Amino acid sequence: MPEGGTYFGQYVTIGIFALVGVVLVLGTLQLAKLVAPNVPDTDKYTTYESGIDPIGSGWAQSNVRYYIFALLFVVFDVEAVFLFPWAIVFERFGTQAFVEMVIFIGILAIALLYAAKKKVLEWQ
Amino acid sequence: MNSPIDLHAITPELVLAGTACLVLIADLFLPEDGKWLAVPLSAAGLIGTLAAIVSLLGEHRITLDGSFEVNSFSLLFKGLFAIIGLFVLAISLDHFRDGKYYQGEYYFLMLCSLLGGFVIASSRDLISVFIAIELISIPAFVMTGLRKRDSRSNEAALKFFLFGVLSSAVMLYGMSLIYGFTGGLTNLGEISTALAGKADEPIVILSVFFIVVGFAFKISAVPFHFWAPDTYEGAPSPVAAFLSTSSKIGGFVGLLVLMYAAFPSVAEAWRPAFAALAILTMTVGNLIALRQRNIIRLLAYSGIAQSGYVLVTFALIDPNNLDVTRQAFQSALIYLAIYGVMDLGAFAAAVAFARKGGSYFIDDYSGLFQRNPALALMLAGFLISLAGAPPMAGMWAKLFVFLAALEAQSYILAIVMGINAVVAAWYYLAVVKRMFFEQPEAQEPVEVTNVLYAAMAVATVALLAFLPGINFLTEMVERSTPF
Amino acid sequence: MPITYLLILSSMLFSIGVYGVLARQNAVLILLSIELMLNAVNINLVAFSAMFGAEGVAGQVFALFIIAVAAAEVGVGLAIVILIFRNRSNVDVDEMSLMKW
């Protein structure tokens with residue numbers, strides 16, 4: 001093993017570990033193939049789905065309503081990010097910062113009110 | 001750093017943002033047949049904004065740590081955006097009230113997009129330029145797709161959206177490189193100082209190139225124009241009117257701010273690109289416009305060509321010759337202001353004609369003069385103005401750009417512009433000729449609402465009354481200096 | 001780590017994004033490619049910002065704004081894509097040719 005003192009030396013260590021990991025996984029899989037008996041038949045080739053016969057395709061469509069929730073979450077999530085830099089300077093700016101953030105959150109609240117009024121927040 | 005915000009300087013934006021929120025909330029609580037009340041509410045807000053702009057006239061203020069500047073230039077464009085907003089409200093009222101779709105949301109989105117235009121006119125920082133340009137675009141994507149069940153509207157929205165987002169990404173990449181190259185600057189004035197004498201640095205040329213390409217999409221300059229005609233055709237027509245004026249002028253204002261405030265010191269690097277862009281945009285726009293059969297597409301391509309004339313002014317900037325630069329700058333301002341009014345007028349006439357008794361096909365304009373003389377006369381006025389023929393203001397707009405090109409000794413640009421003006425006159429006057437000298441196929445009169453008549457009449461008077469030197473517009477432009 | 005590595009990474013991401021936009025037919029994949037381009041920009045900004053130290057705060061602020069705007073854009077974009085899917089049950093951009101010339 002090379003000296004771990006240099007910056008790139010440490011990467012070599014990681015590389016060796018990664019290599020060992022890959023070889024271990026691939027090796028065991030190959031080993032199983034070598035030693036296991038191979039007797040195929042149709043039942044064994046069907047997809048296993050909790051013991052029930054699989055029906056239809058593997059693609060399942062999720063309800064489009066999830067999309068609205070996901071989007072609302074994403075948008076509000078990234079807006080919340082603005083709270084962090086604000087929190088850092090809050091003490092220095094005092095009331096001014098407070099008022100600004102109230103306005104910011106007020107506008108977000110209007111968006112939420114809009115979503116609520118359009119009945120996208122409830123699951124019918 | 002703890003500088004108080006100059007609240008007076010941002011009153012127009014505050015009033016507009018407040019109005020937008022109010023419109024959205026009001027829409028939630030209005031009954032279905034009262035939704036159109038969003039229009040008077042928005043109009044009142046826009047008039048309030050105009051009052052706030054007037055209260056700032058003649059002022060020069062810088063606030064928000066130098067990223068927001070109020071001066072004649074920004075006030076001029078804020079006023080123009082507010083007036084465009086009022087016009088579009090007038091065009092939209094009946095179209096959306098009868099169409100019964102998403103009225104409150106539409107007016108809210110329109111006000112938001114206008115707010116983007118307001119902010120970009122005052123932005124003096126890469127970040128606020130970016131935010132403003134996105135504020136112009138994102139509501140516009142939604143407005144384009146407002147007719148949810150119409151495949152054309154969907155398709156228009158998707159094309160507009162993909163091109164719009166792609167252009168922002170390209171523009172942002174350029175901005176990030178500029179930020180890195182200048183050592184962490186985002187203020188446009190400081191960037192200009194830092195870039196002095198760096199015109200032959202490949203990285204500077206590359207990043208300015210990226211930014212220009214991003215904006216070329218927004219203003220639909222050839223070869224980045226593919227989305228524009230499809231989007232205008234598929235969108236509800238008042239939205240097309242809005243896109244071809246407010247959205248496009250917003251893009252130009254962003255370009256003016258960046259080119260005159262951030263990159264004048266490296267003008268040698270990007271001037272030739274603008275010359276090529278201008279020549280291509282004028283020529284291709286006009287040539288394709290020649291064979292259009294739908295009035296909205298005709299206006300879309302003619303709008304592309306009109307962008308070309310404004311792009312000419314960017315090719316004239318010369319940091320060593322302040323007189324020429326100022327003349328180029330001022331001719332761009334005059335062109336944009338006049339273009340906004342005449343293009344909106346033409347769109348208003350097209351919407352009015354298609355509403356009752358007509359269609360968007362140019363063939364159906366035959367003999368319009370016999371069916372509705374007032375509409376035919378005003379539409380003819382707008383088309384003549386777009387063609388740049390006297391006595392309308394469009395002539396002065398073209399003349400100023402032309403004179404600036406001569407002053408800068410860019411004779412090739414001037415000649416190309418002259419040829420294009422002749423080509424353009426051909427297809428504009430073809431519509432005029434059809435309206436006046438051909439027999440109508442349908443006989444029923446074309447009905448136009450009073451609101452539309454009023455809007456078109458105001459636009460006509462404004463275009464007729466423009467005389468350089470003795471009006472408010474030229475006074476404002478005179479006072480606007482290139483930063 | 002030298003800044004060059006990060007710039008190369010971001011330029012590669014950007015190029016992959018451009019390739020995706022030009023080569024893909026599915027609107028959702030085009031949207032993803034555009035997100036790649038925006039993230040390339042973010043990497044650029046944050047890398048420069050880290051290099052400049054305390055002077056470079058603006059870069060991080062810029063990146064925050066880009067993230068927020070990108071989320072809004074994705075919201076609008078996916079809404080448009082879903083509309084199209086409802087009306088014609090695929091989102092292949094090559095088939096969007098109702099309007100030409």
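**Close-up views of a predicted three-chain complex**

Residues are numbered from 1 along each chain as its sequence is written, and chains are lettered from A and ligands numbered from 1 in the order in which they are written.

View 1. Helix α5 of chain A covers residues 95-117. Helices (H or I, at least four residues) and strands (E, at least two) are DSSP runs, numbered from the N terminus. From its first C-alpha to its last, the 23-residue helix α5 of chain A reaches 32 Å, close to the 33 Å expected at 1.5 Å a residue; the expected span is 1.5 Å times one less than the number of residues. Just after α5(A), A:K119 has a positive phi of about 60°.

**View 2. The fold of chain C.** Chain C has three helices and zero strands, in the pattern α-α-α along the sequence. The C-alpha trace of chain C spans about 50 × 25 × 25 Å along its principal axes. Of the 101 residues in chain C, 37% are buried. A residue is buried if 20 or more other C-beta atoms lie within 10 Å of its own, exposed if 12 or fewer, and partly exposed in between, with C-beta atoms placed from the backbone. The mean pLDDT of chain C is 88, and 95% of the residues score at least 70; pLDDT is the predictor's confidence in each residue, from 0 to 100.

**View 3. The loop between α8 and α9 of chain B.** The loop between α8 (202-218) and α9 (227-234) of chain B holds B:P223, and the peptide bond from B:V222 to B:P223 is cis, with omega near 5°. B:S220 lies in the loop between α8 and α9 of chain B. Although B:S220 is not a glycine, its phi is positive, at about 50°. B:S220 counts as buried because it has 27 C-beta neighbours inside 10 Å.

**View 4. Two further loops of chain B.** B:L64 is in the loop between β1 (61-63) and β2 (68-70) of chain B. The phi of B:L64, a residue other than glycine, is positive, near 55°. B:L64 has 17 C-beta neighbours inside 10 Å and therefore counts as partly exposed. Another loop, between α15 (373-387) and α16 (393-407) of chain B, contains B:P391, and a cis peptide bond with omega of about 5° joins B:P390 and B:P391.

**View 5. The contact between chains B and C.** The contact takes 34 residues from chain B and 34 residues from chain C; two residues are in contact if their C-beta atoms, placed from the backbone, lie within 7 Å. On the side of chain B that touches chain C, the elements giving two or more residues are α5 (126-144), α6 (151-181) and α9 of chain B. α6(B) gives the most to this side, with 18 residues. By class, this side of chain B has 17 nonpolar, nine polar and eight charged residues. Ala, Val, Leu, Ile, Met, Phe, Trp, Tyr, Cys and Pro count as nonpolar, Asp, Glu, Lys and Arg as charged, and the others, Gly among them, as polar.

Terms used. Predicted model: local features only at pLDDT ≥ 70, side-chain atom pairs only at ≥ 80, totals over all residues.
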